[in-house]
Amino acid sequence: KDWTPIDLAGKVFDGNNKWIKGLKAPMFNSVSAEVRNLNVEANIVAAEMSSVGAICNTLEDGALTNCSTAGVLTFSNTQNVGEALGDITVGGVVGRVIAGSLLNCRNKMDIVIASGAAAGLEYPSILSLGGVAGVINGEAVDVKACENHAELKIEETSGSVSSTYTM
């Protein structure tokens with residue numbers, strides 16, 4: 001059965017340094033809790049999400065500690081052609097960080113913005129891409145000892161999309 005990303009709030013999820021392998025979707029959708037010692041190996045093709053990361057799409061007010069990712073994350077906007085999606089954020093560990101902390105996180109997940117993914121998006125859509133985090137929006141964010149060891153690849157960027165890159 002396909003995995004559906006879940007929201008995690010007010011709890012601690014300890015992955016016990018184990019690897020979760022074979023995911024085709026992010027582990028969590030929104031996190032306002034602590035996720036620690038979690039390793040995810042995945043092959044994710046995101047077509048209908050504006051924020052995507054292998055551990056979680058959005059870190060709202062929580063912590064990702066000692067988390068790592070491996071595999072491939074492909075953003076392919078086949079579902080929203082012609083729509084103004086606003087910000088699109090793609091990161092190996094987390095797509096968007098609003099508040100919280102990223103501590104000792106590692107990304108070995110290649111990130112690909114597929115050919116045609118940006119075509120048809122309307123201005124002012126912004127594509128933010130990063131190895132560990134796609135974008136960090138808030139001022140109350142603590143990032144320490146995080147590393148990216150993967151490729152960030154944009155196959156084409158036609159359309160009215162401006163791109164930004166983060167760590």
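A: A salt bridge here is a side-chain nitrogen of Lys or Arg within 4 Å of a carboxyl oxygen of Asp or Glu. The model is predicted. The structure holds 4 salt bridges.

Start with Arg36 and Asp14. Their side chains meet in a salt bridge, with 3.2 Å from N to O. Arg36 belongs to strand E2 (residues 28–46) and Asp14 to strand E1 (residues 6–23), so this pair ties together parts that are 22 residues apart in sequence.

Glu34 forms a salt bridge with Arg36, and the closest N and O atoms are 3.4 Å apart.

Arg36 has 29% relative accessibility, so Arg36 counts as partly exposed. Asp14 is partly exposed because its relative accessibility is 37%. Glu34, at 25%, also counts as partly exposed.

Another pair lies further along the chain. Asp142 and Lys144 meet through their side chains in a salt bridge, at 3.7 Å from N to O. Asp142 stands at 33% relative accessibility and therefore counts as partly exposed. Lys144 reaches 48%, which makes Lys144 partly exposed as well.

For contrast, take a residue from the buried part. Thr74 sits in strand E6 (residues 68–75). Its relative accessibility is 15%, so Thr74 counts as buried. Beyond its neighbours within four places in sequence, Thr74 is in contact with Ile44, Val45, Ala46, Val112 and Ala114.

Now the setting. The protein has 16 strands and 0 helices. Of its 167 residues, 49% are buried. Take the contacts between residues at least 6 apart in sequence: 73% of them join residues at least 24 apart. The accessible surface of the protein is about 7,600 Å², and carbon and sulfur atoms account for 47% of that surface.

To return to the request: the salt bridges described include Arg36 with Asp14, Glu34 with Arg36, and Asp142 with Lys144.

Methods: Residues are numbered from 1 along each chain as its sequence is written. This is a predicted model: local features need pLDDT of at least 70, side-chain atom pairs count only at pLDDT 80 or more; totals for chains, interfaces and linings use all residues. Side-chain values use heavy atoms; hydrogens and water are left out. Helices (H or I, at least four residues) and strands (E, at least two) are DSSP runs, numbered from the N terminus. Buried means under 20% relative accessible area, exposed over 50%, partly exposed in between (1.4 Å probe, protein chains only). Contact means heavy atoms within 4.5 Å. Accessible areas come from the Shrake-Rupley method with a 1.4 Å probe; for residues, only the protein chains shown count as cover.
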